[in-house]
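Work through the exercises below with the sequence and the model in view. Each task is followed by its solution.

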Amino acid sequence: MPFQMIAAPHLRGPNTTSKYMFKVVIGLIPGIIAATYFFGWGVLTNIVVANIAALLFETIALKLRKHSLKKYLTDGSAIVTATLLGIAIPQLSAWWLPVVGVFMAIVIAKHLYGGLGYNPFNPAAIGYVVLLISFPKEMSQWATPDWLGPVSPDKLSFAETLGIVFCNTIPDTTSLDLLTHASPLDFLKGQLKLGLEIPQIIGKDPEMWGSFAGKGWEWMNVALLIGGLYMIWKKVITWHIPVGMLGSILILSAIVYVISPETAVNPIYHIFSGGIMLGAFFIATDPVTSCTSVKGRLFFGIGAGALTYIIRTWGGYPDGIAFAVLLMNLSAPYIDRFTIPTIYGAKKAEK
């Protein structure tokens, strides 16, 4: 009989894809609660619409590819992608915005490349970037926290929120301009381009700034940090990418802040603004599209953080996390080539 070779690993571990994805969703819960509290029912609406669309597109793609629905539809990957995208987009988005983003994430970024495990780019990041480039106006209308105006999403009922999302029906007592606002990062970047300095920008709209970052945004990032630490504790992810990403942003922003405090915000503001915690703990750590070696993960995080800060400070977008992650996804195989340890007794591969 011919000798049969079976590839490693030969032992089945306790973790499965569905268990891994379930723990990621658990880690997202604190951020979802905080986002809903500060920005209203639209957060949950985005997540629900995105998940329904994701399961629908996943089913169609699996049917067309003749794969088992029971095996792949229940692995939780589509739910995680949809939930990440639902949190990342503006909270009062029309229903079609998360649907388009999820289509790009599930069908194009995932199944077009062969499905889970074969995609070179993070699907949620692809969906977000496509929406940001294609619909810049809709992607800049962020919900206004309760403290920033006479009317806010927190004062909208659930039915009124559904009317805005599905029917574009604005309550008679308010307007879209009162319900939405530029994000603190977007507002800051726009004012800096006009030549204003940080004290002038803060004085121009003091209600936007919280204790250490933008109101609402700071506490949502704190909640996501708690969820990220939970995932490290549960060994869903390792500390290397988040520490590398947050550390590089802190160091770069501190250097620029020391050089020019009039035109640069402090480092703490940078790591608690925008979607930095979502990117550092939940998107950049995707095991399929990030590095596999320990050193590689650290370099991956450092590169993602540096690119995020560069795009935020000198690029054309207020928050460059998705672009930074996608660029590092491209670099991941090359980083692994130089950082994977050589097997004892084997010759080093030519670089």
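Arginine 312 is buried, with a relative accessible area of 6%; buried means under 20%, exposed over 50%, and partly exposed in between, with a 1.4 Å probe and protein chains only. The model is predicted, so local features need pLDDT of at least 70 and side-chain atom pairs count only at pLDDT 80 or more, while totals for chains, interfaces and linings use all residues. Residues are numbered from 1 along each chain as its sequence is written, and side-chain values use heavy atoms, with hydrogens and water left out.

**Exercise 1. State how many salt bridges the rule gives, and describe the one formed by glutamate 58.**

Step 1. The count is two.
Step 2. Glutamate 58 pairs with lysine 110, and their closest N and O atoms are 2.9 Å apart.
Step 3. Glutamate 58 belongs to helix α2 and lysine 110 to the loop between α5 (96-108) and α6 (123-134), so the bridge ties together parts 52 residues apart in sequence. Helices here are DSSP runs (H or I, at least four residues), numbered from the N terminus.
Step 4. Glutamate 58 is buried at 1% relative accessible area, and lysine 110 is buried at 3%.

**Exercise 2. Describe the geometry of the aromatic pair of tryptophan 41 and phenylalanine 158.**

Step 1. Rings of Phe, Tyr and Trp (its six-membered ring) pair if their centres lie within 6.5 Å; planes under 30 degrees apart are stacked, over 60 edge-to-face, and the rest tilted.
Step 2. The structure holds 13 such pairs.
Step 3. Tryptophan 41 lies in the loop between α1 (17-39) and α2 (42-64), and phenylalanine 158 in helix α7 (residues 158-167), so the pair ties together parts 117 residues apart in sequence.
Step 4. Tryptophan 41 is partly exposed at 38%, and phenylalanine 158 is partly exposed at 42%.

**Exercise 3. Decide how far helix α14 (residues 276-283) is enclosed.**

Step 1. Eight of its eight residues are buried, including Met277, Gly279 and Phe282.
Step 2. Helix α14 is therefore largely enclosed by the rest of the structure.

Technical notes: Helices (H or I, at least four residues) and strands (E, at least two) are DSSP runs, numbered from the N terminus. A salt bridge is a side-chain nitrogen of Lys or Arg within 4 Å of a carboxyl oxygen of Asp or Glu.
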